[in-house]
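Please read it with the coordinates open.

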Amino acid sequence: MSKKAKSSVVTPSATFDSLSVQRINSLNPKLIDSAMRVFNKARGMGIPLYIMWGTRPLRDQELMYRYGRDLPGQVLTNNRPGHSAHNYGLALDFCLYFNKTLFTWEDVYERWYWRQRWLKVVFMFEEEGWDTGWRWPSFQPGHCENLLGNTILKLYEQDTNRTLR
């Protein structure tokens, strides 16, 4: 009689998993394996990691930048198009998904159990060589980026296609 191995992976839904993987696959090819290792390791530890953003097209960046300025709502970013690591496939944003709800840092902060899971994800990305907004003065706890030895200015100057995509 064979025994089925119990899985400790929390699977919120195939849709959320596939969206996360799709967003990871939108990253610079040099970062995909690293991001997938973190995603799979987190899921294997029962951490319901959800990737909210991977590569962000310039058009989306422009729209996000306009919020809180010439569009109603709160400011979503201080980065104009071409000035975000997302625009080059070098950044991702994450949150946690449980009880059919997306939870940001602000949501999990007061919940010790989930706060610890969040921090494990941050540390896993750091172990893979990513910089995390967790340590920045501007504190962006769900943001991770790896500029692959570049600066945003250098990437912007190298980008010859400045039209909105």
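1. Confidence. This is a predicted model. The chain averages a pLDDT of 89, and 87% of the residues score at least 70. Among the elements, strand β5 (residues 143-145) has the highest mean, 98. Helix α1 (residues 14-25) has the lowest, 87.

2. Over residues 1-12 the pLDDT stays under 50. The model has 14 contacts beyond four places in sequence for this stretch. I would list those contacts with the score beside them.

3. The core. The largest nonpolar core holds 38 residues. Phe94 and Phe125 have the most contacts inside it. Elements giving two or more residues to this core are the helices α2 (29-44), α4 (105-108), α5 (112-127) and α6 (152-158), along with the strands β1 (49-53) and β2 (91-98).

4. Phe125 in detail. What does phenylalanine 125 contact, leaving aside neighbours within four places in sequence? The partners are Ala35, Val38, Leu92, Phe94, Trp130, Thr132 and Cys144. Of these, Phe94 is the other residue named for the most contacts inside the core.

5. Helix α2, geometry. At the start of α2, a side-chain oxygen of asparagine 28 comes to within 2.8 Å of the backbone nitrogen of lysine 30. After the helix comes glycine 46, with a positive phi near 85°.

6. Helix α2, burial. The buried residues of α2 are Leu31, Ile32, Ser34, Ala35, Met36, Val38, Phe39, Ala42 and Arg43. An α-helix has 3.6 residues a turn, so residues three or four places apart point the same way. Two of the buried residues, Ala35 and Val38, are also contacts of phenylalanine 125.

7. The whole structure has 6 salt bridges. In one of them, glutamate 128 meets arginine 37 at 2.8 Å, N to O. This pair links distant parts of the chain: glutamate 128 sits in the loop between α5 and β4 (131-132), arginine 37 in helix α2, 91 residues apart. Both ends are partly exposed: the relative accessibility is 28% for glutamate 128 and 45% for arginine 37.

8. Salt bridges, a buried pair. Arginine 56 and aspartate 93 meet at 3.4 Å, N to O. Arginine 56 lies in the loop between β1 and α3 (58-66) and aspartate 93 in strand β2, so the pair ties together parts that are 37 residues apart in sequence. Are the two residues buried or exposed? Arginine 56 is buried, at 4% relative accessible area. Aspartate 93 counts as buried too, at 16%, because the cut-off is under 20%.

9. Salt bridges, a further pair. Arginine 66 bridges to aspartate 70, with the closest N and O atoms 3.2 Å apart. Arginine 66 is partly exposed at 29%. Aspartate 70 counts as exposed at 51%, because the limit is over 50%.

10. Ile152. Isoleucine 152 lies in helix α6. What does this residue touch, not counting residues up to four places away in sequence? Isoleucine 152 touches Gly82, His83, Ser84, Ala85 and Leu147. Isoleucine 152 and glycine 82 are 70 residues apart in sequence, yet 8.1 Å apart in space, C-alpha to C-alpha.

Conventions
Residues are numbered from 1 along each chain as its sequence is written. This is a predicted model: local features need pLDDT of at least 70, side-chain atom pairs count only at pLDDT 80 or more; totals for chains, interfaces and linings use all residues. Side-chain values use heavy atoms; hydrogens and water are left out. A nonpolar core is a set of buried Ala, Val, Leu, Ile, Met, Phe, Trp, Tyr and Cys residues joined through side-chain atoms within 4.5 Å. Buried means under 20% relative accessible area, exposed over 50%, partly exposed in between (1.4 Å probe, protein chains only). Helices (H or I, at least four residues) and strands (E, at least two) are DSSP runs, numbered from the N terminus. Contact means heavy atoms within 4.5 Å. pLDDT is the predictor's confidence in each residue, from 0 to 100. A polar contact is a pair of N or O atoms within 3.5 Å; within protein, one must be able to donate a hydrogen and the other to accept it, and residues adjacent in sequence count only if both atoms are side-chain atoms. A salt bridge is a side-chain nitrogen of Lys or Arg within 4 Å of a carboxyl oxygen of Asp or Glu.
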